[in-house]
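Open the model in your viewer and keep the selection tool at hand.

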Amino acid sequence: MLAASGSRRVVLFQPSYAGQLFGPPLGLLSLAASVREAGYEPVIIDAALHRDYLTALAREIPGSLCFGVSLLTGPMIHDAIQASQIVRETRPDLPIIFGGWHPSLCTPQTLNEPFVDVVVRHQGEKTLVEILQRLERNLDLHMVQGCWFKRDGRIYQNPDRSVSPISDLPLPAYDLVDFDAYEAAVGARKLPYATSIGCPYACNYCTDMVFYNRRFNPYRVEEVVSEVTSLARRHRLAEVALVDSNFLVDTRRALAIARGFLDSGVKFRWSFQTSTDLLCRLTDEEVELLAASGVTHIGFGTESASPEVLRAMNKRHQEIADMYETARKCSQARIRATFNLIFGYPGETEQHRAQTLRVMGEIGSRYEYVAFSPNVFTPYPGIPIWPQLRELGVAEPDSLAGWADVDLGSNHLPWLQGKSFERLSRGISYFLLNNKLDKAPSAPLAHSQPLFFLAARAVAGHGPAPACRPALSAYRAAAQPPSQQSSLKIGTLWRTFSLPTAITSTPIRSRSGRCSPIRLCKRCGQPPCSSRPVSTRHSSIRP
Ligand code: B12
Ligand code: SF4
């Protein structure tokens with residue numbers, strides 16, 4: 001927990017999220033800096049770090065000016081609701097302000113909750129400070145751009161505020177972070193850091209353009225280099241995880257940052273996310289420079305190796321050749337690359353899935369430093385493809401609580417249920433297993449029968465090819481429980497086969513609270529042709 005107490009106290013709450021603890025909540029640290037600059041005293045309660053947040057709330061809420069909650073779609077919503085209800089009971093007079101991605105994308109629905117008084121939309125620093133100044137003087141919020149609010153049960157919508165250059169805002173309040181506590185919980189002395197916000201691309205499964213209007217909004221190179229290196233030195237950081245939407249948008253700037261880190265002589269690992277087309281604009285020597293400056297990992301939104309699906313995602317900037325080239329460049333520089341994959345996108349056929357697994361299998365076997373993170377397409381709120389999703393039978397949850405179950409790792413797609421989903425899940429398991437074997441030369445049979453072939457067949461609905469069955473049995477036989485094997489890699493292999501499915505399947509609930517089943521076309525296993533755009537009927541998406 002991060003604390004600073006006083007009479008003009010502003011309590012900022014980060015609910016806990018699914019998955020491993022990532023680090024201090026950067027959004028709230030950034031808000032805290034502006035709030036403090038305006039003369040208020042921020043207190044950050046991070047429930048992802050301290051599960052016992054109720055004790056902290058009981059201590060901080062009496063005597064505070066307002067309660068602010070930061071929220072992403074998914075499991076964070078559970079804590080957000082619980083904490084807000086408790087605050088409302090303890091201090092019925094205290095304004096409760098929600099902000100962050102989920103409230104910005106689902107503003108009316110969030111404001112419908114009895115425990116939400118104000119929603120701050122998009123970038124929050126300036127809007128929150130103005131709200132505090134008005135609350136303090138008991139003024140209403142009519143003039144505050146960037147927020148919607150509720151009074152006497154009526155919702156008032158103020159115009160959105162234009163995005164401020166981040167260089168004009170105070171630097172996040174890193175001095176409030178208890179790095180020892182985060183190190184103990186995360187297992188590394190690590191700091192999330194944004195050198196920019198916004199991405200100019202417009203992939204239609206992503207909300208970045210809705211939030212930041214496709215505007216790349218960076219800090220200056222000198223600011224980044226001097227701040228990151230001094231934070232790394234002062235707090236003995238082992239790792240800096242850049243959370244920029246797409247770090248390489250300005251490749252010259254990115255290289256200048258890397259050069260600055262290298263020249264500073266301060267040693268730390270760093271990582272970022274970007275797209276393969278941008279990494280391919282760098283020469284091999286420039287990628288080596290990234291590695292020399294401390295880059296150990298890059299995440300790529302590779303998503304699919306089917307050109308048709310990439311087009312449907314409006315991801316025309318990425319070509320299949322870029323994926324191979326990215327893998328080669330990263331492996332040569334010994335930078336770990338993770339290719340994130342999305343399966344089940346509207347219009348994706350089983351042939352497209354098999355193609356993705358085949359290409360990724362080939363990349364995985366050729367390049368040592370590449371790993372894969374396959375996921376089923378998740379319909380987050382506000383993504384531009386929602387009109388098509390609705391036509392395909394996906395129903396949006398009708399309350400804040402309904403969105404709590406929409407998280408990565410669950411399958412809400414009506415067209416990807418039953419056998420089709422089983423085949424995909426099996427295909428992904430085979431594919432991951434094969435990739436592990438390729439990376440584990442000491443495991444028996446590692447290179448004798450590439451399982452991606454089985455994966456491609458499994459996902460295309462044929463199951464393991466008869467000719468491959470003996471090989472599969474041999475793998476299974478080799479894959480005894482870990483206790484009976486000397487190699488840890490074999491333990492992993494065994495666990496992989498023991499997992500029936502990698503992803504849970506829960507169709508999204510419709511307004512009536514019941515599942516919204518969808519009949520699948522008998523010929524192609526996709527949603528009924530009548531509910532799909534003409535171009536996607538039966539065989540594939542056409543350009
Ligand atoms: C770091 C990160 C995480 C971290 C930390 C999240 C956090 N709360 O800080 C972790 C690992 C936990 C995470 C998890 C997930 N993430 Co994430 N994550 C990011 C990432 C890369 C950076 C966020 C960030 O730090 N930005 C910089 C800071 C300064 O901005 P900010 O946090 O947005 O905060 C500003 C405003 O939002 C606002 N604000 C925020 N909170 C509040 C609160 C108040 C009171 C106010 C007034 C204003 C306000 O003001 C802040 C300052 O301007 C973004 C993508 C991006 N580039 O932004 C995705 C992103 C936010 N994540 C996303 C997703 C989908 C997820 C996951 C669902 C996916 C997954 N991998 O499982 C999970 C959800 C977790 C859960 N529900 O259990 C989506 C959001 C979709 C959505 N509808 O919510 C994003 C946008 C990625 C994308 N382009 O799709 N994520
Ligand atoms: S490149 Fe990444 S951040 Fe940019 S729009 Fe596409 S998915 Fe979103």
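Angles under 35 degrees count as roughly parallel, over 145 as roughly antiparallel, 65 to 115 as roughly perpendicular and the rest as oblique. This is a predicted model, in which local features need pLDDT of at least 70 and side-chain atom pairs pLDDT 80 or more, while totals for chains, interfaces and linings use all residues. Residues are numbered from 1 along each chain as its sequence is written, and side-chain values use heavy atoms, without hydrogens or water.

Select helix 12 (residues 284–292) and helix 14 (residues 320–332): they pack at about 50°, with axes 9 Å apart. Helices here are DSSP runs of H or I with at least four residues, numbered from the N terminus; axes are lines fitted to C-alpha atoms over the stretch in contact, and angles run from 0 to 180 degrees between N-to-C directions. The two helices, helix 12 and helix 14, are therefore oblique to each other.

Next, show side chains: D284, V287 and E288 of helix 12 meet R328, K329 and Q332 of helix 14 (contact means heavy atoms within 4.5 Å).

Now turn to cavities, sets of points on a 1 Å grid over the protein atoms alone where a 1.4 Å probe fits but cannot get out; lining residues have an atom within 4 Å of a point. Select R121, H122, Q123, K126, R161, S162, V163 and S164, which line the largest cavity.

Finally, select G23, F179, Y182, E183, V186, A188, R189 and K190, the lining of the second largest cavity. Helix 7 (residues 179–186) gives the most to this lining, with 4 residues.

Methods. Chains are lettered from A and ligands numbered from 1 in the order in which they are written. On a 1 Å grid over the protein atoms alone, a cavity is a set of points where a 1.4 Å probe fits but cannot get out, and a pocket is an open set with protein on both sides within 12 Å along at least five of seven lines; lining residues have an atom within 4 Å of a point.
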